[in-house]
Amino acid sequence: QVHLVESGGGLVQPGGSLTLSCAASLRILKLYNKGWYRQAPGKERELVARIDVTGRIEYADSVKGRFTISRDDDRNTVDLQMNTVKPEDTAAYYCHAVPEGRTVGYKYEYWGQGTQVTVSS
């Protein structure tokens, strides 16, 4: 059984910073593309950022220049550094892993349980 466990969510003021971390329980996931998605109330889940096994990165336009995704395959983690956060960043954030070459919806993908980020003064 593979587990992805997120941590680091919470309440942050607009303009502040927060770091989310996702730890995977299975080392084979170093061969997986990893990413962060988010879902706000009443909205569909959307991509925030993802990083493939070669280190190639993709960001949503809404977070470019503010968020940074990184992976550490020795520690089997993927982090999301969130800077200059905005109220519209408020959402549940989910860690995701999928084999290289596959996308969301593939039968062997994995999701974390989610961590809430609330941006409010």
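Tutor: Let's start with the whole fold and then turn to a single residue. Keep in mind that this is a predicted model.

Student: How many helices and strands does the protein have?

Tutor: Begin by counting the elements along the chain. Here there are 11 strands and zero helices, so the pattern along the sequence reads β-β-β-β-β-β-β-β-β-β-β.

Student: And how compact is the protein for its length?

Tutor: For that we compare the radius of gyration with a rule for globules. The radius is 14 Å, close to the 14 Å that the rule gives for 121 residues, so the protein is as compact as a globular protein of that length. Its C-alpha trace spans about 40 × 30 × 25 Å along the principal axes, and buried residues make up 44% of the 121 residues.

Student: Now a single residue. Where is Glu109 found?

Tutor: Look at the loop between β9 (91-99) and β10 (110-111); Glu109 is found there.

Student: Which side chain makes a polar contact with the side chain of Glu109?

Tutor: That is His96, at 2.7 Å. Leaving out residues up to four places away in sequence, Glu109 touches His96, Ala97, Val98, Thr103 and Val104.

Note on methods. Residues are numbered from 1 along each chain as its sequence is written. This is a predicted model: local features need pLDDT of at least 70, side-chain atom pairs count only at pLDDT 80 or more; totals for chains, interfaces and linings use all residues. Side-chain values use heavy atoms; hydrogens and water are left out. Helices (H or I, at least four residues) and strands (E, at least two) are DSSP runs, numbered from the N terminus. A polar contact is a pair of N or O atoms within 3.5 Å; within protein, one must be able to donate a hydrogen and the other to accept it, and residues adjacent in sequence count only if both atoms are side-chain atoms. Contact means heavy atoms within 4.5 Å. The radius of gyration is taken over C-alpha atoms; the globule rule is 2.2 Å times the number of residues to the power 0.38. Buried means under 20% relative accessible area, exposed over 50%, partly exposed in between (1.4 Å probe, protein chains only).
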